[in-house]
Amino acid sequence: MDVIKLKAFCTVASLRSISKAAEVLYYTQPAVSAQIRELENTYGARLFRRAGQQLDLTPAGEALLPQALRLLENFELSRQVVADTVEEARKALTLGASTMPVTHLVPELIASFEQENPDVMVSLVTGSAAQIEDMILTGDVDVGILGRTEGARGKVRFVQHDLLYDPLVIVVGPGHPWVDRGESPSPRELGQERYVLPPPSTLTRRFVEKWFRRQGLHPDVAYELINTEAIKRMVMHNHGVSILGNLVVSRELTAGWLRRVPCESLDMGRTICLVHQQESELPPAVLDFCNFVTARYVNSGLPG
């Protein structure tokens with residue numbers, strides 16, 4: 001669709017004058033005349049005839065005019081649809097988060113971001129870290145927050161911002177003998193305890209197994225539960241000891257429902273990261289969210 005030529009044609013038809021059409025369109029008269037000639041060449045017919053000082057439409061021009069007006073109207077409609085879509089994209093983002101961040105970090109982040117950016121709508125998708133990365137690649141997710149082990153950088157096309165480090169901690173119920181002892185349990189004591197742990201398929205359990213092997217021990221797993229809330233409640237009621245990420249148990253530690261046991265040899269954890277495509281590919285709302293999160297953590301001086 002040659003919009004410029006059709007617009008020149010319709011304007012001349014309305015004003016019956018090339019000079020007046022040139023003033024309205026902010027073109028020169030020769031430019032408008034050239035547009036009309038090119039349109040006539042395209043259709044192979046004269047569209048105007050001289051009637052004194054004015055121009056009248058020929059029968060071919062009369063036939064073209066309603067079609068040209070309809071085409072211009074549809075073009076303007078298409079521009080508006082595209083503009084609305086772009087504006088909508090400016091106000092929406094889809095965030096992907098792996099299991100631990102989505103439970104213990106992301107809800108507060110979304111609430112704070114939406115409070116500062118009330119026009120932006122955040123959608124949330126959950127999955128494993130690998131699933132979130134794949135969804136970023138396919139465009140189903142704009143940005144991800146997920147946990148990584150040391151040295152893992154994910155897909156090479158991604159930009160990764162390390163937000164904070166989440167160390168593993170030993171937790172016990174308030175009535176456990178290790179509470180307030182002020183020193184780490186010995187390897188013998190660690191080997192004598194019963195443990196409440198997540199399944200072997202989880203990153204936390206793999207960390208724990210690796211750490212126990214370094215101590216020359218094998219944990220006595222009394223309960224194996226996929227639900228971390230269930231694990232914490234079992235420990236609260238003295239059904240065993242657990243080893244979980246500090247973020248997972250921070251609320252219970254603050255409330256005193258669980259107690260942290262010092263252990264210098266337990267030096268494992270995961271880094272919580274913000275992951276996205278190159279900045280040049282990010283819509284405005286997504287870039288605003290990334291800047292919000294990185295300013296909150298990367299530049300905040302928080303431990304990491």
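The term pLDDT denotes the predictor's confidence in each residue, on a scale from 0 to 100. Helices (H or I, at least four residues) and strands (E, at least two) are DSSP runs, numbered from the N terminus. The model before you is predicted: local features need pLDDT of at least 70, side-chain atom pairs count only at pLDDT 80 or more, and totals for chains, interfaces and linings use all residues. Residues are numbered from 1 along each chain as its sequence is written, and side-chain values use heavy atoms, with hydrogens and water left out.

The protein has a mean pLDDT of 88, with 92% of its residues at 70 or more.

Next, the domains, whose bounds come from an automatic or database domain assignment. There are domain 1 (3-88), domain 2 (92-165 + 278-298) and domain 3 (166-269). Taken over C-alpha atoms, the centres of domain 1 and domain 3 are 77 Å apart.

Which domains contribute at least three residues each to the lining of the largest pocket? They are domain 2 and domain 3. A pocket here is an open set of points on a 1 Å grid over the protein atoms alone, where a 1.4 Å probe fits, with protein on both sides within 12 Å along at least five of seven lines; lining residues have an atom within 4 Å of a point. The lining comprises 26 residues, and Thr99, Met100, Thr202, Leu203 and Arg270 lie nearest the centre. Helix H5 (99-104), strand S5 (143-148), helix H9 (203-214) and strand S9 (242-245) each give two or more residues, and H5 supplies the largest share, five.

Finally, the aromatic rings. Rings of Phe, Tyr and Trp (its six-membered ring) pair if their centres lie within 6.5 Å; planes under 30 degrees apart count as stacked, over 60 as edge-to-face and the rest as tilted. The whole structure holds five such pairs. Phe9 and Phe48 form a tilted pair, because their ring centres are 5.4 Å apart and their planes stand at 55 degrees. Phe9 is buried (under 20% relative accessible area; exposed is over 50%, partly exposed in between; 1.4 Å probe, protein chains only), at 0%. Phe48 is buried as well, at 6%.
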